[in-house]
Amino acid sequence: MKAFIFTVALVLGALSVSLAQRETSLRVIDALRDLHPSYRDLRNLVVNAVAGAKLNSSEVVYRFQVEVAARKESFLKSAISAEAGVLRQVNAQSVAVDTSCLGFLRQSVDVNMNLAGVSFTNCLNTVDGSLATELTRIYAELAVNETSYVNLSVYDVFRGQNVFVNPQTIVDRLVEKLSAVQQAPIELAQELAQLVDAFEGRLGNVQTAYSNCLTMNDQLLQTTLSTVLVQLQQICLGSLVPAASTSEPTEPTEPEQEPEQEVTETTEDSEPTEPEPAVTETEELPEPPTPGQAYVQLV
């Protein structure tokens, strides 16, 4: 009898334990349901945050392109101004300077400007390649960051666990997961801001390299144009004219024609007029005798 009672007690005890565990197993579903809204909010927040980061990166690219255009314009104006100054010197030479020599100098200026254009294009091509690389990188980083949150697993808490054997462990994991999901937006915002800041910093390095490229080529152009001025003096035997208020090139000078002076036309048959003799007072001479009187005297 005692053995029977003891057996019944054991069965009832096991049954009560089993019922308690089953209640805990049902709590797993409740904890899982509590996680769903937070997980949905996280997904929405991640999508919006990444979209905002992409917009910020787009603004960074816009400022970068504006700066690149401004720097290119500055160097182009410098090159054009230098060319105008040299052509002004060449075109202002006197007619005594060999015109063919001056023509060679003009050709040299034109060739060096064309070469400068090639070098400026090379600089811009490097910028284009670097920008494409950085854009690919930032969007890849944002995509990985987005995926790491959007694809955040909810059901990994069940791995290696049994909802009937150790449901409390699963519940505890779900509670930890909920806390992590709620903390994720703060971490995400910081990570996205750091990614965009790093992207802007790298584009700043690209801008610096672009400026250095332009500066180097501009210095090379200035050197070649200065050489043209030296050649103007030493080879063409010209001279530098004083600096003018404008650096715009002038047209090549043409020989100045002397004004025609009005001269009186004279014929070959015309004789030079002799000056009239001055009238002076003389003594009165006796009048010559008449022809009749001279004949009578001779007879």
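Glu 67 and Arg 71 sit four residues apart in helix 1, so about one helical turn separates them. Helices here are DSSP runs of H or I, at least four residues long and numbered from the N terminus. An α-helix has 3.6 residues a turn, so residues three or four places apart point the same way. Glu 67 and Arg 71 form a salt bridge, with their closest N and O atoms 2.7 Å apart; the term means a side-chain nitrogen of Lys or Arg within 4 Å of a carboxyl oxygen of Asp or Glu.

A word on the model: it is predicted, so local features need pLDDT of at least 70 and side-chain atom pairs 80 or more, while totals for chains, interfaces and linings use all residues. Residues are numbered from 1 along each chain as its sequence is written, and side-chain values use heavy atoms, leaving out hydrogens and water.

Arg 63 pairs with Glu 200 in a salt bridge, 3.0 Å between the closest N and O atoms. Arg 63 is in helix 1 and Glu 200 in helix 3, so this pair ties together parts 137 residues apart in sequence. Glu 59 joins Arg 63 and Glu 200 in a salt-bridge network.

Note on methods:
Helices (H or I, at least four residues) and strands (E, at least two) are DSSP runs, numbered from the N terminus.
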